[in-house]
Amino acid sequence: MTILVTGGAGFIGSNFIFYELEKHPEDRIVCLDKLTYAGNLSTLKNVLDAPNFRFVKADICDRAAVYQLFEEEHPDIVVHFAAESHVDRSIENPGVFLETNIMGTAVLMDACRGYGIKRYHQVSTDEVYGDLPLDRPDLFFTEETPIHTSSPYSSSKAAADLLVQAYHRTYGLPVSISRCSNNYGPYQFPEKLIPLMIANCLADKPLPVYGEGINVRDWLYVEDHCKAIDLIMRKGRVGEVYNIGGHNEMRNIDIVKLIIKELGKSEDLITFVKDRKGHDMRYAIDPAKIHAELGWLPETMFAEGIKKTIRWYLDNKEWWETIISGEYQKYYQEMYGNR
Ligand code: NAD
Ligand code: DAU
């Protein structure tokens with residue numbers, strides 16, 4: 001089979017490619033990525049020369065380029081990771097989120113319609129459900145929870161999900177959608193909470209915690225997310241939504257303190273800064289459906305996963321130091337300079 005992976009030079013997409021090449025060496029992987037600020041070809045360096053791998057630099061919004069690639073490769077499965085993924089950036093500049101996350105998704109699905117496909121899988125997020133109150137720990141997001149978004153990012157992802165469901169109903173496109181909680185692990189771009197705190201800790205820089213640090217996220221090791229997507233795209237039911245999460249809820253401040261402890265630094269580095277606009281309080285996934293239908297359960301517990309992740313950032317300084325030395329400095333100054 002040929003599997004087209006969009007956004008494979010980013011965090012989860014690259015981990016997914018490594019997982020697929022290892023688990024299914026009989027399949028061919030074609031990666032389409034625009035290499036935005038969040039995409040790094042160096043991440044894929046170990047697989048670039050593999051005989052069953054091809055990298056193509058292109059924008060998913062570029063209809064001609066996407067159709068050309070379908071003409072050449074006739075993919076059996078499309079797994080769509082490519083997106084603008086950072087909530088803070090979406091608050092500053094929503095336009096590119098609408099363009100990539102909504103219009104880009106439509107272009108890809110049009111190509112799937114035109115050339116035929118066995119499965120189109122949309123990688124979505126728990127953020128489409130909005131947030132849950134902190135004082136109701138009994139509540140979780142199920143696949144039936146209504147869409148109720150907070151940020152331009154989550155709204156663009158929700159719009160894409162609705163479009164995917166519309167293409168299924170209207171054109172019979174064989175789709176599936178997964179909505180996952182917060183991922184962590186190797187190759188995550190250092191703008192996100194965990195790698196940002198690791199990098200700042202190592203440089204003895206202030207650790208910017210938004211608001212009071214009491215917002216809760218449901219953390220999942222990236223490889224567990226990849227396993228879930230692999231199962232859904234091969235065995236999941238067409239037209240269905242599957243939530244992915246591991247019942248691992250943690251407050252931001254506790255994550256930051258844990259990283260400080262692991263790295264032997266001082267909690268004096270913690271700096272409470274102005275809150276994110278519209279900041280979601282709590283995300284919590286109920287993964288009962290994917291467990292019951294596909295037997296999926298997370299395999300890496302947080303205590304182990306966070307140690308592995310910190311170790312990876314210590315062992316791969318070149319990867320992230322190169323990233324944060326360039327354009328990222330400007331972003332960091334704008335985002336955190338006067339916060
Ligand atoms: P990322 O920002 O690390 O990577 C995104 C990738 O998409 C980059 O390689 C980038 O170059 C590429 N890309 C962006 N715009 C493109 C375009 N127009 N054309 C082609 N390529 C483009 O993102 P991530 O954290 O790996 O997230 C991947 C997907 O998973 C996203 O759809 C995101 O919404 C979803 N998701 C992420 C999380 C998480 O915790 N990170 C959780 C649930 C769902
Ligand atoms: O839930 C899934 C989502 O998780 C994905 O859809 C998104 O693509 C992904 O970016 C992530 O969104 P979050 O906004 O939850 O992740 P982020 O790492 O940006 O922030 C996690 C929490 O930490 C959030 O409550 C904001 C807070 N935070 C973040 C940063 C970057 C801080 O307190 N300080 C920071 O500097």
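Mentor: Let's start with the shell around ligand 1, where β5 supplies the largest share, three residues. Helices (H or I, at least four residues) and strands (E, at least two) are DSSP runs, numbered from the N terminus. Keep in mind that this model is predicted, so local features need pLDDT of at least 70 and side-chain atom pairs count only at pLDDT 80 or more, while totals for chains, interfaces and linings use all residues; side-chain values use heavy atoms, without hydrogens or water. Residues are numbered from 1 along each chain as its sequence is written, and chains are lettered from A and ligands numbered from 1 in the order in which they are written.

Which elements give at least two residues each to this shell? They are α1 (11–23), β5 (119–125) and α5 (152–171). In total, 28 residues surround ligand 1, and the closest are Ile12, Asp33, Ser85, Tyr153 and Lys157. A residue belongs here if one of its heavy atoms lies within 4 Å of the ligand. By class, the shell holds 13 nonpolar, eleven polar and four charged residues. Here Ala, Val, Leu, Ile, Met, Phe, Trp, Tyr, Cys and Pro count as nonpolar, Asp, Glu, Lys and Arg as charged, and the others, Gly among them, as polar.

Now look at the polar contacts, which are pairs of N or O atoms within 3.5 Å; within protein, one must be able to donate a hydrogen and the other to accept it, and residues adjacent in sequence count only if both atoms are side-chain atoms. A side-chain N or O atom of Lys157 is 2.6 Å from an oxygen atom of ligand 1. For the side chain of Ser85 the distance to a ligand 1 oxygen is 2.7 Å, and a polar backbone atom of Leu35 is 3.4 Å from one. On its own, ligand 1 exposes 840 Å², and the protein buries 97% of that. These areas come from the Shrake-Rupley method with a 1.4 Å probe; for residues, only the protein chains shown count as cover.

Two of these residues lead us on to ligand 2. Ser85 has a backbone N or O atom 2.8 Å from an oxygen of ligand 2, and Tyr153 places a side-chain N or O atom 2.6 Å from a ligand 2 oxygen. The side chain of Thr125 also takes part, at 2.7 Å. Taken alone, ligand 2 exposes 680 Å², of which the protein buries 95%. Around ligand 2 there are 25 residues, the closest being Thr125, Asp126, Tyr153, Arg276 and His279. Eleven of the shell residues are nonpolar, eight polar and six charged. Both α6 (193–202) and β8 (207–210) supply at least two residues of this shell.
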